[in-house]
Amino acid sequence: MSERICLFPGTFDPITLGHEDIINRALPLFDKIIVGIGYNTSKKPMFSTSQRLQWIRDIYGNADRVQGAVYEGLTVNFCKKIGAKFILRGIRYVSDFEYEKTIADANRALDKEIETVFLTGEPKYTSVASTIVRDIIKNGGNASPFLSEVVCESLRTIPLSG
């Protein structure tokens, strides 16, 4: 039986407790989850790719079934490269589903063997969005309710790039 490998794509700028919730609840479903930091040409990240990858490694360092990776290009092409047959996406609101379904339909048209799996976020993480967290950080606010301790600690020492 082949390994059930899943790609959880995103910018993770920064990785939030909402992202971690989706990853942690997906672990029983898959043998391996690759947290894929994708390049999105329409976004200018606040944090470097290496910093975002380091956060994933720090948070999931003891979980050999969760790995971080960086990729560019089509998500389905990266899935093929890493042997993933599943794409994981988190849903907070109905509007998220409409947007994510459109992407899932396009990915299915590109590769019928890759299936998108949606998990709804825990209600306590519904308001946790990287965009909001970045605004809090940029304006000197306390983003700790939305971030793991490892991310909060590093924010005290790293320069902001955006």
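How do the residues of the lining of the largest pocket divide into nonpolar, polar and charged? The answer is 17 nonpolar, 15 polar and eight charged, where Ala, Val, Leu, Ile, Met, Phe, Trp, Tyr, Cys and Pro count as nonpolar, Asp, Glu, Lys and Arg as charged, and the others, Gly among them, as polar. The structure is a predicted model, in which local features need pLDDT of at least 70 and side-chain atom pairs count only at pLDDT 80 or more, while totals for chains, interfaces and linings use all residues. Residues are numbered from 1 along each chain as its sequence is written, and side-chain values use heavy atoms, with hydrogens and water left out.

The chain holds six helices and five strands, and from the N terminus on its elements run β-α-β-α-β-α-β-α-β-α-α. Helices (H or I, at least four residues) and strands (E, at least two) are DSSP runs, numbered from the N terminus. With a radius of gyration of 15 Å, close to the 15 Å that the globule rule gives for 162 residues, the chain is as compact as a globular protein of that length. Here the radius is taken over C-alpha atoms, and the globule rule is 2.2 Å times the number of residues to the power 0.38. The C-alpha trace spans about 45 × 35 × 30 Å along its principal axes. Of the 162 residues, 44% count as buried; buried means under 20% relative accessible area, exposed over 50%, and partly exposed in between (1.4 Å probe, protein chains only). Among contacts in the chain with a separation of 6 or more, 79% are between residues 24 or more positions apart, contact meaning heavy atoms within 4.5 Å.

Back to the pocket, then. The largest pocket has a volume of about 1200 Å³ and is lined by 40 residues, of which Pro-9, Gly-10, Lys-43, Arg-89 and Glu-100 lie nearest its centre. On a 1 Å grid over the protein atoms alone, a pocket is an open set of points where a 1.4 Å probe fits, with protein on both sides within 12 Å along at least five of seven lines, and lining residues have an atom within 4 Å of a point. Grid points are joined across faces, edges and corners, and the volume is the space filled by probe spheres set on the points. Strand 1, helix 1, strand 4 (86-91), helix 4 and helix 5 (130-138) each supply at least two residues of this lining. The largest share, eight residues, comes from helix 4.

The loop between strand 1 (5-10) and helix 1 (17-26) contains Pro-14, and the peptide bond from Asp-13 to Pro-14 is cis, with omega near 0 degrees. Phe-12 is found in the loop between strand 1 and helix 1 as well. Although Phe-12 is not a glycine, its phi is positive, at about 50 degrees. Phe-12 is buried, with a relative accessible area of 2%.

Aromatic rings come next. The structure holds five aromatic pairs; rings of Phe, Tyr and Trp (its six-membered ring) pair if their centres lie within 6.5 Å, and planes under 30 degrees apart count as stacked, over 60 as edge-to-face and the rest as tilted. One of these pairs joins Phe-8 and Phe-12 edge-to-face, at 5.2 Å centre to centre and 70 degrees between the planes. Phe-8 counts as buried at 4% relative accessibility. Phe-97 and Phe-118 are also edge-to-face, because their ring centres are 5.4 Å apart and their planes stand at 70 degrees. Since Phe-97 lies in helix 4 (residues 94-110) and Phe-118 in strand 5 (residues 115-120), this pair ties together parts that are 21 residues apart in sequence. Phe-97 is partly exposed, with a relative accessible area of 37%, and Phe-118 is partly exposed at 29%.

Helix 2 (residues 49-59) has Thr-49, Gln-51, Arg-52, Leu-53, Trp-55 and Ile-56 as its buried residues. The cover over them includes strand 2 (32-38), strand 3 (66-71) and helix 6. Ser-154 is found in helix 6 (residues 149-155) and is buried, with a relative accessible area of 13%. Leaving aside neighbours within four places in sequence, Ser-154 is in contact with Gln-51 and Trp-55.
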